[in-house]
Amino acid sequence: MEALTRAGLRYVLAAAELCQGSARPARCIDIAARLGVARASACRMLARLAGAGLLEPDIRRGVVFTEWGRRLADQYLTGYRRLTALFQEGLDLSEYDAGECAMGTLSSLSPALTVRVCRRLEETGLSLQRKDAPGTVRSGGKG
């Protein structure tokens with residue numbers, strides 16, 4: 001699989017955050033609300049991600065990650081959080097701007113390169129233990 005588009009990555013990260021630590025499915029309406037998009041738009045993108053093998057419909061009216069999708073989503077979520085912290089701390093960017101830079105960076109990398117970047121960030125000892133830890137995926141607007 002090639003790198004996710006910026007839009008696809010936003011949806012994967014939002015679903016990953018909603019499902020984190022839980023076996024419950026991510027509902028389309030919850031993802032739409034988190035990203036500030038119409039429910040119909042969210043459902044279309046989730047259907048595309050399901051077609052790519054990342055998600056599968058759940059009988060409780062939501063989507064769950066496939067095993068492969070969960071691994072990929074976890075890698076992207078880790079990379080997003082680490083890169084956001086790096087851009088925020090290293091370049092003194094706002095949380096919103098740092099998140100947008102992280103999103104742009106990750107959406108241009110292949111999944112394999114994303115894993116390598118995340119590992120390298122770990123090796124550098126980048127601290128993510130900030131009081132105002134970045135990481136919540138949001139739609140447009142200053143945050």
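I take buried to mean under 20% relative accessible area, exposed over 50%, and partly exposed in between, with a 1.4 Å probe and protein chains only. By that rule E67 is exposed, at 65% relative accessibility.

**Entry 1. Ground rules**

I am working on a predicted model, where local features need pLDDT of at least 70, side-chain atom pairs count only at pLDDT 80 or more, and totals for chains, interfaces and linings use all residues. Residues are numbered from 1 along each chain as its sequence is written, and side-chain values use heavy atoms, with hydrogens and water left out.

**Entry 2. Overall layout**

I listed helices (H or I, at least four residues) and strands (E, at least two) as DSSP runs, numbered from the N terminus. The chain has six helices and two strands, and along the sequence they follow the pattern α-α-α-β-β-α-α-α. Of the 143 residues in the chain, 44% are buried. I then looked up contacts (heavy atoms within 4.5 Å). Taking those between residues at least 6 apart in sequence, 65% join residues at least 24 apart.

**Entry 3. Core**

I searched for nonpolar cores, meaning sets of buried Ala, Val, Leu, Ile, Met, Phe, Trp, Tyr and Cys residues joined through side-chain atoms within 4.5 Å. The largest has 36 residues, and Y11, I31, L46 and L49 have the most contacts inside it. At least two residues of this core come from each of helix 1 (6–19), helix 2 (28–35), helix 3 (39–51), strand 2 (62–65), helix 4 (67–91) and helix 5 (95–107). Helix 1 gives the largest share of the core, nine residues.

Which residues does L49 touch, not counting residues up to four places away in sequence? I found L4, G8, Y11, V12, L54 and L55.

**Entry 4. Helix 1 against helix 5**

I fitted axes as lines to C-alpha atoms, for helices over the stretch in contact, with angles from 0 to 180 degrees between N-to-C directions. Helix 1 and helix 5 pack at an angle of about 110°, their axes 9 Å apart. My classes for angles are roughly parallel under 35 degrees, roughly antiparallel over 145, roughly perpendicular from 65 to 115, and oblique for the rest. Helix 1 and helix 5 are therefore roughly perpendicular to each other.

For handedness, a crossing is left-handed if the near helix is turned anticlockwise from the far one by less than a right angle, and right-handed if clockwise. Helix 1 passes helix 5 in a right-handed crossing. R6, L9, R10 and L13 of helix 1 make the contact with E100, M103, G104, L106 and S107 of helix 5.

**Entry 5. Salt bridges**

I counted a salt bridge where a side-chain nitrogen of Lys or Arg lies within 4 Å of a carboxyl oxygen of Asp or Glu. The structure holds seven of them.

One of these joins E100 to R6, with the closest N and O atoms 3.2 Å apart. E100 lies in helix 5 and R6 in helix 1, so this pair ties together parts that are 94 residues apart in sequence. E100 is buried at 19% relative accessible area, whereas R6 is partly exposed at 36%.

E100 also forms a salt bridge with R10, where the closest N and O atoms are 2.8 Å apart. Since R10 lies in helix 1 and E100 in helix 5, the pair ties together parts that are 90 residues apart in sequence. Is R10 buried or exposed? R10 is buried, as is E100.

I next checked R71, which forms a salt bridge with E67, the closest N and O atoms being 3.2 Å apart. Both residues lie in helix 4, four residues apart, about one turn of the helix. R71 is partly exposed, with a relative accessible area of 45%. Through shared partners, salt bridges join R6, R10 and E100 into one network.

**Entry 6. Helix 1 against helix 4**

The axes of helix 1 and helix 4 come within 9 Å and cross at roughly 100°. The two helices are therefore roughly perpendicular to each other. From helix 1, L9, V12, L13, A16, E17 and C19 meet R70, A73, Y76, L77, Y80 and R81 in helix 4.

**Entry 7. Two single residues**

I looked up D92, which sits in the loop between helix 4 and helix 5. D92 has a positive phi of about 55° although it is not a glycine. Most residues other than glycine have a negative phi. D92 is exposed, at 69% relative accessibility.

Last, I looked at C43 in helix 3. C43 is partly exposed, at 27% relative accessibility. C43 and V63 are 20 residues apart in sequence and 9.9 Å apart in space, C-alpha to C-alpha.
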